[in-house]
Each structure stands twice: as C-alpha cells, then as structure tokens.
Amino acid sequence: MSTYNFDYLDELEAEAIHILREVAGQFEKPALLFSGGKDSITLVRLAEKAFRPGKFPFPLVHIDTGHNFEETITYRDQMVERIGEKLIIGSVQESIDQGKVVEQTGKNASRNALQTVTLLDTIAKYGFDACIGGARRDEEKARAKERIFSVRDEFGQWDPKRQRPELWNIYNGKIHKGENIRVFPISNWTELDVWNYIRREKIDLPSIYFSHERDCITRNGQLMAASPFLNMDDEDVIERKQVRFRTVGDMSCTAAVESDAFLIDDIIAEISASKISERGARMDDKVSEAAMEDRKKGGYF
Amino acid sequence: MNILKFFTAGSVDDGKSTLIGRLLYDTDSILADQLEALQRSNRKNDDGTIDLAILTDGLRAEREQGITIDVAYKYFQTEKRKFIIADTPGHIQYTRNMVTGASTANLAIILIDARNGMVEQTIRHSYIVSLLGIKHVVVCINKMDMVDYSETVYRSIIDQYKTLAQQLKLADVTYIPVSALKGDNVVQVSEHMDWYEGESLLHFLEKVDTDHLDRSQLARMPVQWVVRPQTEELHDYRGYAGRVLSGTFKLNDKVTVLPSGASSVVEKIEFFDEALDAAHAGQSVIIHLKDDVDISRGDTIVNASALPQETKLIEADLCWMDTRALDTSIMYNIQHNSKITKCKISEILHRVDINTLEKHAADEFKLNDIGRVIVKTADALAFDLYDDNRANGSAILVDARTNLTVGALMFRAAVE
C-alpha cells in the first residue's frame with residue numbers, strides 16, 4: 001500500500017482509459033482514427049489497456065492520402081497483424097478518382113485538405129457515431145478549447161460557439177441521427193507526455209521518427225522529404241540530410257527537422273530543449289492565425 | 001511528479017490571461033514559433049512589450065473582442081509538477097463556463113485588481129469556488145505595480161477577503177501580491193515588495209498538497225464496460241471495467257453491487273497484464289467478483305461497509321447552463337457517472353443571487369442561474385454527498401430534445 005505511486009503518466013493513462021471505455025459504453029458504432037503517428041499509436045496501446053483480454057469494441061480507421069511515408073504503412077500493417085484487430089482504410093485516391101475532390105496544383109499542393117472529404121465519406125459509409133482521435137489540446141490554441149467529447153454535425157463541422165459544457169469526468173455522448181462525436185482521450189497530454197509514455201511502455205514507432213539520412217529540399221524555410229508527391233522544379237535543390245520527423249502526416253505537408261536523435265532518450269532530450277513547437281513543422285497551420293480553427297469547423301480531425 | 005489542475009477566475013480587466021501568459025512565459029513554456037506568432041500579432045501593451053494575454057485567447061471571436069469566452073486548457077510543467085490550467089471567463093454571462101472549468105480543478109486562483117479591491121465579481125467567483133468544493137484558493141492581488149507596491153493596499157484587501165472566505169467556509173486561502181504584467185511574484189519573488197515574506201505563485205503551486213490519494217473508506221467504482229472475451233481459453237472470463245472514483249478496493253474486500261444490492265467479494269484486480277493487490281482512487285482497472293452476479297454498465301461496485309445514499313429524491317445545487325430555461329414540467333436525463341436515468345426537477349427551493357449571496361424564492365431558472373432544487377429520479381441513484389465525495393456526488397442534466405448538457409448538479413442531501 002505504501003508503495004502505491006500514481007504519477008502523472010499513470011493519471012493521464014487512467015483518464016484516457018476511462019474515456020475509451022465511455023466511448024465503448026455510450027456508442028453503437030465507434031471507430032478509432034489511426035494515422036500511423038505516435039499519438040494514434042499511443043491510443044492503440046491505451047485501447048489494449050482498456051479492453052484486453054477482450055477485443056476492441058471498434059475498428060481502426062486509416063484515412064490514407066496515398067502520399068504516406070512507406071514506413072508508416074509498413075508499421076500500420078505489422079501492428080494490425082500483431083493486435084489482431086480490424087482495419088478499415090478510407091482512400092483519398094479513391095475520392096479523387098470518383099471526382100469527389102480535386103487534386104491541388106502548384107508548388108505547395110498537398111492532399112492534407114482532401115482527407116476531410118474521405119474521412120466524412122468513410123464515417124457516413126460505415127455509420128460511425130463516434131470517432132476517437134489522438135488530438136491534444138497543447139498542439140494549437142483552437143484545440144485548447146475543444147471538448148474531450150466534441151460534437152460534429154452532419155457535415156462534420158465543429159461549432160466552437162455551441163460546445164457543450166463538460167463537467168467533472170462525465171461525458172455526454174447523446175447525439176442526433178447524422179451527427180457524430182469526435183473523442184480525444186489524450187486531450188490533456190503534451191507532446192512530451194506522449195514521448196515519456198512511449199518510452200515507459202516501450203512502444204515501437206515507425207522508423208521515420210528517429211534520425212535517418214534522407215534526400216530533402218527546402219521549402220518556405222522548412223525541410224521537406226524529396227518525393228514524387230512533392231511538385232518539384234528546377235529551383236529545388238536536393239540535399240542529403242540527417243533528419244527525423246516530429247509528426248507523421250502526408251509527405252507533402254510534413255516537414256523534417258535536422259536531428260541526430262537515434263534513440264528515444266535523444267528525442268526526449270531534443271524536445272525538452274527544443275524551441276520550435278511540434279505543429280511548427282506543419283505547413284498546413286501556417287496559412288493564417290485561425291488556420292486550425294477554420295479547418296476544424298470544416299470537419300478536419 | 002504529479003499533476004495539479006487549477007483554474008483561474010477574473011474579469012476582462014483583471015489581467016487573468018496576462019497572468020497565465022506570464023506563468024507560461026517565465027517557465028519557458030512558450031516555444032519559438034509561438035513566440036514569433038505572438039510578435040507578428042499587432043496587439044501590444046502600451047509600452048510596446050508583447051501582450052501575453054494573446055497566448056490564451058484561442059478562438060477567433062475572442063481574439064477580435066479581446067475577451068475569453070470559453071474554457072481554454074493550457075499545459076506547462078516544471079521539474080516538480082505538471083500543471084493543467086483551466087482558463088475561464090469571468091463575466092457573469094459566462095458563469096457556466098467558469099463552473100465547467102472549476103469542476104475538475106483542485107485549486108483556484110482568484111484575481112483581485114489592487115486598484116479596485118474586492119468587487120462584485122470577486123464574490124461571484126469565490127462563491128463558485130465554494131459551490132464546486134475546490135480545496136485550495138490562492139487570492140492574487142494583481143496590478144501591484146499600479147499602486148506603488150503598497151503593503152497597506154494589499155493588507156486592506158486581504159482583510160476584506162477574509163470576511164468573505166469565512167462566510168463561504170473557504171478553509172485554505174493563500175494571499176499573494178503580484179504584477180502579472182511586470183512579473184512580480186509570479187515566477188520570481190519580487191524585488192519591489194520587501195514587506196512580502198511569502199513565496200512566488202509558481203513556487204506555491206509547485207508545493208501545494210494535491211490530495212491525489214483519496215484515503216476515504218468510500219470505495220466506489222461505477223462499471224463502464226463488461227469485458228467478456230468469450231474465447232475458448234477465456235470462456236468464463238467476466239471482468240468489470242471501470243475507474244475507481246474514490247477509496248480503495250483490496251483483494252477479498254466485501255463489496256455490494258448497486259442498485260441490485262447483491263453482495264460479493266473482490267476475487268481479482270487486473271490492470272492490463274498485471275494482477276494488483278489493490279485498486280485506488282483514480283485507477284482504471286478490471287475487477288472480478290467471486291460470485292456470479294448480474295452486473296452491467298451503470299451499476300456501481302461499492303465497499304459493503306460504507307454504502308452510499310440510495311434514493312429517488314435528492315436535494316441538490318443546480319447551475320443552469322442552457323439558453324432555454326429550466327422547465328419543471330418535463331423530464332430530463334440525468335447522467336451520474338456511467339448511470340443515465342430520467343428525472344424531473346420537482347421543486348425549486350431557492351435561487352442564489354451570486355453577486356450578493358442572498359437567497360431568493362424563485363419559480364424559474366435561466367442560463368447561469370444557481371440555486372437549490374429537489375431532483376426526482378426514475379431509478380434510484382447510488383450517490384454520496386458532494387462535500388464527502390465530489391466524484392460520486394455530482395451529475396449532469398441532459399435535455400432529451402436537444403441532447404445538450406443543460407445543468408450541473410451537486411448533491412447536498414438525500415430526501416427521505
């Protein structure tokens with residue numbers, strides 16, 4: 001008894017497990033949105049802790065932009081194999097082929113914005129009433145005000161003015177037909193908390209999180225992985241760099257940072273000392289001060 | 001290292017956002033790109049320094065109007081502790097947001113403008129702190145730089161506040177003179193107030209007892225989910241998954257399952273791949289019972305020797321949170337942990353004028369109204385009184401027509 005030690009990671013973990021079980025208990029057709037990034041990988045571990053030795057009461061859903069890092073897809077498939085849970089893939093390429101969305105053109109073209117349509121289509125196709133995501137409140141200031149249970153209307157829109165009060169640890173999951181709820185179990189975690197948890201739990205990650213050599217070009221002051229998905233021209237100079245990625249998104253919008261962090265301890269040391277926030281390496285947030293708020297209103301994760 | 005959750009109350013001009021900005025800034029919790037965005041922004045203080053308040057104003061409407069509308073959560077950590085701040089608006093029209101922010105906090109910071117002393121909203125904010133049962137209160141007398149760091153001003157405000165604290169039964173109050181704008185006594189102890197012998201706000205926050213461990217005998221675990229793998233090798237496996245709200249469950253403890261009243265004994269406690277000897281308040285675990293009793297989501301497992309209240313009539317404090325007024329003629333859903341049942345507000349006992357703390361007879365309850373009511377539930381709830389056990393003494397009201405959360409309830413007495 002006297003050895004009982006409930007530290008901050010234990011508390012964050014217990015809270016997230018509680019939230020996941022509320023989703024299981026309150027919804028008919030929940031899903032876990034899996035991006036292959038460290039936050040959704042953490043969610044998978046938390047789901048194991050919430051439901052094992054039973055099965056997850058929801059499938060994993062991956063919205064595949066078709067521009068993913070190969071390492072992410074390999075990781076995804078191996079993980080699904082290991083945990084023995086169902087994976088549903090929503091394909092942005094399919095949405096493009098069906099003419100539902102139009103590929104962006106120009107130098108800064110990215111499929112990041114297109115995935116919202118694929119996501120909403122996938123939600124409608126399977127009738128998901130709750131989608132669990134790995135967003136955190138420390139990522140961005142619009143997110144700082146989002147609820148753990150966040151209601152989206154039929155069009156996937158978030159209305160910041162009509163958020164429900166969320167009191168104590170009681171989560172109101174009641175919705176009308178057509179609406180769904182985005183659930184964020186790790187809302188109260190910071191980037192550093194996630195890394196410390198991954199270290200403590202010895203969770204495997206896709207290799208791109210760790211330092212490696214890669215061909216890069218510099219765009220708008222940021223290092224981007226050279227790839228067929230990036231519209232490159234003669235002005236772009238390819239350089240071999242020692243880099244790693246702090247977030248895992250679409251190859252066309254996720255910037256690398258120069259880094260020698262090969263081990264998780266190095267990464268934690270690097271982040272602790274870092275002077276650039278995680279979303280600082282996301283081109284998609286740079287458009288305006290309200291960029292994230294606008295995308296969330298439009299149905300983005 | 002553990003977590004301290006605190007909330008801040010103050011009005012538009014009290015410098016609340018500046019205080020939070022200062023805490024983040026002086027603890028190096030603002031990163032370069034955020035700082036750059038801050039500098040790009042054209043909101044500056046009169047002396048040209050960065051307006052730290054922008055850091056917490058998240059939504060576009062708030063940036064435009066320069067006010068905090070919704071609860072914003074902010075995070076920072078020092079070597080000693082992780083902090084979660086619920087930054088809430090102070091204006092009376094946002095009382096519900098303040099109640100929301102206060103509901104999960106274990107410490108409240110109340111800001112008083114040194115130039116104005118205690119004002120109406122100080123009473124309102126302090127009332128909410130006492131209503132929500134927040135254990136620790138820090139009163140920051142802010143803008144000390146505007147009153148020449150005067151000890152006399154500080155002392156007279158403290159004296160005023162002590163009377164209020166007594167009236168509201170706030171047991172643990174700490175006073176700190178600060179200037180959020182200049183940074184005095186926020187992170188660093190001020191050089192301008194030699195007469196102040198206490199510590200800085202941050203230092204206090206790092207040390208204050210967070211009371212994470214609930215030592216009470218009130219072992220409670222609402223069942224959220226029943227784990228039944230139904231595989232060949234786990235054919236008879238039946239585990240009750242939930243988060244321990246309060247108290248401790250140990251192996252072989254005698255327990256009662258409510259509402260059925262069935263008795264059993266704790267046979268096994270699991271956490272993922274570990275078998276535990278005990279499950280404490282805050283932990284999310286799986287409990288197995290010796291007897292084959294019928295248990296489903298919404299039931300509560302409790303210590304058999306410290307049973308909760310169980311009635312269908314409960315006297316409670318209610319904070320109304322919807323623009324549509326309370327309708328005593330219709331049924332609402334009441335959500336008490338994992339249990340949802342129907343209810344009516346059968347009687348309004350009084351409403352509190354939260355600016356003067358006077359109680360008035362009332363027959364209606366509108367947005368942001370707070371008062372005492374009688375709740376009549378369809379199924380009996382297994383609850384504790386809010387003052388004894390916050391986690392099992394609170395509930396929300398949901399309007400079945402809109403699905404909105406319309407009320408916050410704090411249980412004060414079982415009505416026989």
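Where in chain A is the place of Asp64(A)? Asp64(A) sits in strand 2 of chain A. Strands here are DSSP runs of E, at least two residues long, and helices are runs of H or I, at least four residues long, both numbered from the N terminus.

The model is predicted, so local features need pLDDT of at least 70 and side-chain atom pairs pLDDT 80 or more, while totals for chains, interfaces and linings use all residues. Residues are numbered from 1 along each chain as its sequence is written, chains are lettered from A and ligands numbered from 1 in the order in which they are written, and side-chain values use heavy atoms, without hydrogens and water.

Stay with Asp64(A). Its relative accessible area is 17%, so Asp64(A) is buried. Buried means under 20% relative accessible area, exposed means over 50%, and partly exposed lies in between, with a 1.4 Å probe and protein chains only. Leaving aside residues up to four places away in sequence, Asp64(A) touches several residues, among them Ile73(A), Arg76(A) and Gln93(A). Contact means heavy atoms within 4.5 Å. Arg111(A) is 47 residues from Asp64(A) in sequence, and their C-alpha atoms are 9.9 Å apart.

Now step back along chain A. Helix 2 covers residues 38-51. The expected span is 1.5 Å times one less than the number of residues. Of the 14 residues in helix 2 of chain A, 14 are buried, so the rest of the structure largely encloses this helix. The loop between helix 2 and strand 2 (60-64) of chain A holds Pro53(A). Arg52(A) and Pro53(A) are joined by a cis peptide bond, with omega about 10°.

Chain A also divides into domains. Domain 1 takes in 8-193 + 290-297, and domain 2 takes in 207-281. These bounds come from an automatic or database domain assignment. Over C-alpha atoms, the two domain centres in chain A are 24 Å apart. At their meeting, 26 residues of domain 1 contact 26 residues of domain 2. The two domains bury about 2100 Å² between them, 49% of it on carbon and sulfur atoms. Buried area is the accessible area (1.4 Å probe) that two parts lose on being put together, summed over both. The rule finds two salt bridges across this interface. A salt bridge needs a side-chain nitrogen of Lys or Arg within 4 Å of a carboxyl oxygen of Asp or Glu. Elsewhere in the list of pairs, Arg246(A) and Glu191(A) form a salt bridge at 2.7 Å, N to O.

Turn to chain B. This chain has seven helices and 23 strands. Of its 416 residues, 61% are buried. Among its contacts between residues at least 6 apart in sequence, 70% join residues at least 24 apart.

Some backbone details in chain B deserve a look. Most residues other than glycine have a negative phi, and most peptide bonds are trans. Tyr149(B) has a positive phi of about 50°. Tyr149(B) lies in the loop between strand 5 (136-142) and helix 6 (151-167). Its relative accessibility is 15%, so Tyr149(B) counts as buried. Asn368(B) has a positive phi too, about 75°. At 10% relative accessibility, Asn368(B) also counts as buried. The peptide bond from Leu258(B) to Pro259(B) is cis, with omega near 10°.
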